[in-house]
Amino acid sequence: MTRAAPLGKNGRSTRGESLGAPTIPSRREVIAGLRREGRKIAAVLPYHYPRVLLGAHGFHPVEVWGPPGVDRDGAGRHFQTYTCDIVLRSTAFLAGGGLDAADVILVPHTCDALQGMGSVLTDFVQPSQPVITLYLPREQREADREYLIAELQRLSGRLAAITGTPPSDADWAAALAAEERADAVLAALYADRANLAVTDREFYTLVRSREYLPAGEFAAAAAAVPGGAAPAHGVGLLVSGIVAEPPELFDVLEQAGSRGVADDLACGSRRLYPPSEAADPFERMADRLLASPPDPTRGSPIAERAAHLAATAERTGARGVIVYDVPFCEPELFDVPRLRTHLERHGLPLLHLEVELAGSLPEQAVTRIEAFVETLA
């Protein structure tokens, strides 16, 4: 798990570096601090899951997106070579002891590769921690809502069996208040993006700290972001795909004369969950998960996703779309050809990149980004 760079102090940004932005601790530092407090840790694979439910049961979620730079060969005997990079590196990371600090491992059924990972961990790797799964519906019918409520109740029962104690009403209330507040803060960050004096790299360092910071600490870090005009200028881009790794991506975009004015990232705006008025916590969690933006891993129609992206681009001034994926991401790959056709009808050219979760951006990807930005200038 890599250390997140201090915002505004890393020297990587080429222009308009901000002053006074908050420093974000690393995952490792956060885990160590939680351990000292006696808190339980849930290692969570990407990417839709109920933070409230974990919190009510006394677990703090720390997400695992690979991590980048881990040698994927350690998972080679369990998966085909064309398996998603996140699954291979996460499994290798676990096998190498990288998740030893976790008390439980949660694998959502985001895609077939992650469903397969859940089975491999349970049947073959068999880590010392319990491995639990969450199966997400692929549509938004009433039957899907009822199914998801039942699935969340099943997951809650599994966690209660692990801890030996079901959550109290006070536990549910505290978890709901904390996590929904942090979700509202995240939504506010996106809504106010153009009025924050931080670079794209700094902005996404903060956004992605939601993956592991306690809810209150995330809200405090967001509140410390300085206001003012965003420092970088250039061609506006909408960055879509799974995960923006390595963070150097945003430096390259800036150097090429562009700026990420919006995103459709699995690690970003796809997890802007609208509020729910439901009183029952399971109904509330299900409603919010199902109401998130259109998403290929949830089976959203391509036309619906394209319309969402086109509307986002029009609102933010994006003039092109970069779909930035890990290799062999089937849900994304299925969408790209038709998504390109839909978006071109809206005057939005699309560049698709597949980049491994490595320590740096390949020169070929840099060249393609530079050429794409030049066509939009």
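Guide: An axis, as the word is used here, is a line fitted to C-alpha atoms, for helices over the stretch in contact, and angles between N-to-C directions run from 0 to 180 degrees. The model shown above is a predicted one.

Visitor: At what angle do helix H3 and helix H4 pack?
Guide: Two packed helices are described by the angle between their axes and the distance between the axes. For helix H3 (residues 85–95) and helix H4 (residues 112–125), the axes are 10 Å apart. Angles under 35 degrees count as roughly parallel, and H3 is roughly parallel to H4. The angle at which H3 and H4 pack is about 25°.

Visitor: How many residues of the contact of H3 with H4 are nonpolar?
Guide: The contact is made by Val87, Ser90, Thr91 and Leu94 of H3, together with Ala113, Leu114, Met117, Leu121 and Val125 of H4. In the contact of H3 with H4, no residue is charged and two are polar, and the number that are nonpolar is seven.

Visitor: Are H6 and H7 roughly parallel or roughly antiparallel to each other?
Guide: The axes of helix H6 (residues 169–191) and helix H7 (residues 200–208) come within 11 Å and cross at roughly 165°. Because angles over 145 degrees count as roughly antiparallel, the relation of H6 to H7 is described as roughly antiparallel.

Visitor: Is Asp192 buried, partly exposed or exposed?
Guide: Asp192 lies in the loop between H6 and H7, and its C-alpha atom is separated by 29 Å from that of Pro67, which is 125 residues apart from Asp192 along the chain. Buried means under 20% relative accessible area and exposed means over 50%. With a relative accessibility of 33%, Asp192 therefore counts as partly exposed.

Visitor: Is H5 oblique or roughly parallel to H10?
Guide: The axes of H5 and helix H10 (residues 281–290) come within 9 Å and cross at roughly 125°. Angles under 35 degrees count as roughly parallel, over 145 as roughly antiparallel and 65 to 115 as roughly perpendicular, with the rest counted as oblique. The angle of H5 to H10 is therefore described as oblique.

Visitor: How many residues of strand E5 are buried?
Guide: Strand E5 (residues 235–241) is mostly covered. Val235, Leu237, Val239 and Gly241 are buried on one side, and Gly236, Leu238 and Ser240 are buried on the other. Of the seven residues of E5, the number buried is seven.

Visitor: Which residue in E6 stands opposite Leu237?
Guide: Strand E5 and strand E6 (residues 258–265) run parallel, and seven bridges join them. The residue of E6 that stands opposite Leu237 is Gly260.

Visitor: How many of the eight residues of helix H9 are buried?
Guide: In H9, Leu249, Phe250, Asp251, Val252, Leu253 and Glu254 are buried, and what covers them includes H7, E5, E6, strand E7 (320–325) and helix H13 (363–376). Helix H9 (residues 248–255) is largely enclosed by the rest of the structure, because among its eight residues the number buried is six.

Note on methods:
Residues are numbered from 1 along each chain as its sequence is written. This is a predicted model: local features need pLDDT of at least 70, side-chain atom pairs count only at pLDDT 80 or more; totals for chains, interfaces and linings use all residues. Side-chain values use heavy atoms; hydrogens and water are left out. Helices (H or I, at least four residues) and strands (E, at least two) are DSSP runs, numbered from the N terminus. Buried means under 20% relative accessible area, exposed over 50%, partly exposed in between (1.4 Å probe, protein chains only). Two strands pair if DSSP finds at least two bridges between them. Contact means heavy atoms within 4.5 Å. Ala, Val, Leu, Ile, Met, Phe, Trp, Tyr, Cys and Pro count as nonpolar, Asp, Glu, Lys and Arg as charged, and the others, Gly among them, as polar.
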